[in-house]
Every structure is written in structure tokens, then in C-alpha cells.
Amino acid sequence: RDRDVTGVQTCALPIFQVLADFVPDLIFLDHQMRGISGPEAIQALRSKPDFACIPVVYFSADQNIITLAREAGANAHLKKPFTIQRLLDITQQFIR
């Protein structure tokens, strides 16, 4: 099934402006962003009922990505750099 990709951001602060227009099926979130950390962004998402159950895939080049993702409350992780195939595989885990 076709999917739309929306709300590509370089920092997490405008995320709620983007999410004001729709509720996504899946969110990809970097560990390090300008203005807000990945864990802070996940905490903010989880605190809002409309977004609390949306899966979050966390990504980072940090060697400790598994621990970082778990501690942040993410549903899955991607270690940078990653392949398009790995991105598609992890997306299909949450989007059927």
C-alpha cells in the first residue's frame, strides 16, 4: 500500500506543528537534534494522548544506540549509517 512521508524536520521543536495536521502511523526520530534531545521529544510525544501509541524508530550513529533507544522509550532503533533496505524492513515491522 502506498504511504506518504511527511514532516521531515532538522529539529524536533516544530514536530507538533507538523503533527497538528495529521496523526502519523510511524515516527522516525534522531537522537541528536537542534533545540531538543531525542528523549525529550519522545517524552513530549508520549505525554499527548493522540501520539502516545505511535511507534517511534530512534536512530543515531552512537555505538550505544540500543541502550539509547531503550532508555528514550523508542519502539525500535536504526544505527547510522543504514541502508534503504534496513529502513524499509524496520518500517514494515510497524506498518502492514
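Student: Where is Asp 30 found in this predicted model?

Tutor: Asp 30 is found in strand 1, which covers residues 27-30.

Student: Why is Asp 30 called buried?

Tutor: Its relative accessibility comes out at 17%. Buried means under 20%, so Asp 30 at 17% counts as buried.

Student: What makes the link between the side chains of Asp 30 and Lys 80 a polar contact?

Tutor: The distance. The two side chains are joined at 2.9 Å, and the cut-off asks for a pair of N or O atoms within 3.5 Å, one able to donate a hydrogen and the other to accept it. So 2.9 Å passes, and the pair counts as a polar contact.

Student: What lies 3.4 Å from a polar atom of the Asp 30 side chain?

Tutor: That's the backbone nitrogen of Gln 32.

Student: Which residues is Asp 30 in contact with, leaving aside its neighbours within four places in sequence?

Tutor: Gly 38, Tyr 58, Phe 59, Ser 60 and Lys 80. Contact here means heavy atoms within 4.5 Å.

Student: Phe 59 is on that list. How many aromatic pairs are there?

Tutor: The count is one aromatic pair. Phe 59 and Phe 82 have ring centres 6.0 Å apart, and rings pair if their centres lie within 6.5 Å.

Student: And why is the pair of Phe 59 and Phe 82 called edge-to-face?

Tutor: Look at the planes: they sit at 75 degrees. Anything over 60 counts as edge-to-face, so this pair gets that label.

Student: What does the pair of Phe 59 and Phe 82 tie together?

Tutor: Parts that are 23 residues apart in sequence, because Phe 59 lies in strand 2 (residues 56-60) and Phe 82 in the loop between strand 3 and helix 4 (84-94).

Student: What makes Phe 82 count as partly exposed?

Tutor: Phe 82 has 32% relative accessibility. Partly exposed runs between the buried limit of 20% and the exposed limit of 50%, so Phe 82 falls in that class.

Student: Where is confidence lowest, and where is it highest?

Tutor: Helix 1 (residues 15-19) is lowest, with a mean of 74, while strand 3 (residues 76-79) is highest, at 96. The protein averages a pLDDT of 85.

Definitions and conventions: Residues are numbered from 1 along each chain as its sequence is written. This is a predicted model: local features need pLDDT of at least 70, side-chain atom pairs count only at pLDDT 80 or more; totals for chains, interfaces and linings use all residues. Side-chain values use heavy atoms; hydrogens and water are left out. pLDDT is the predictor's confidence in each residue, from 0 to 100. Helices (H or I, at least four residues) and strands (E, at least two) are DSSP runs, numbered from the N terminus. Buried means under 20% relative accessible area, exposed over 50%, partly exposed in between (1.4 Å probe, protein chains only). Rings of Phe, Tyr and Trp (its six-membered ring) pair if their centres lie within 6.5 Å; planes under 30 degrees apart count as stacked, over 60 as edge-to-face and the rest as tilted.
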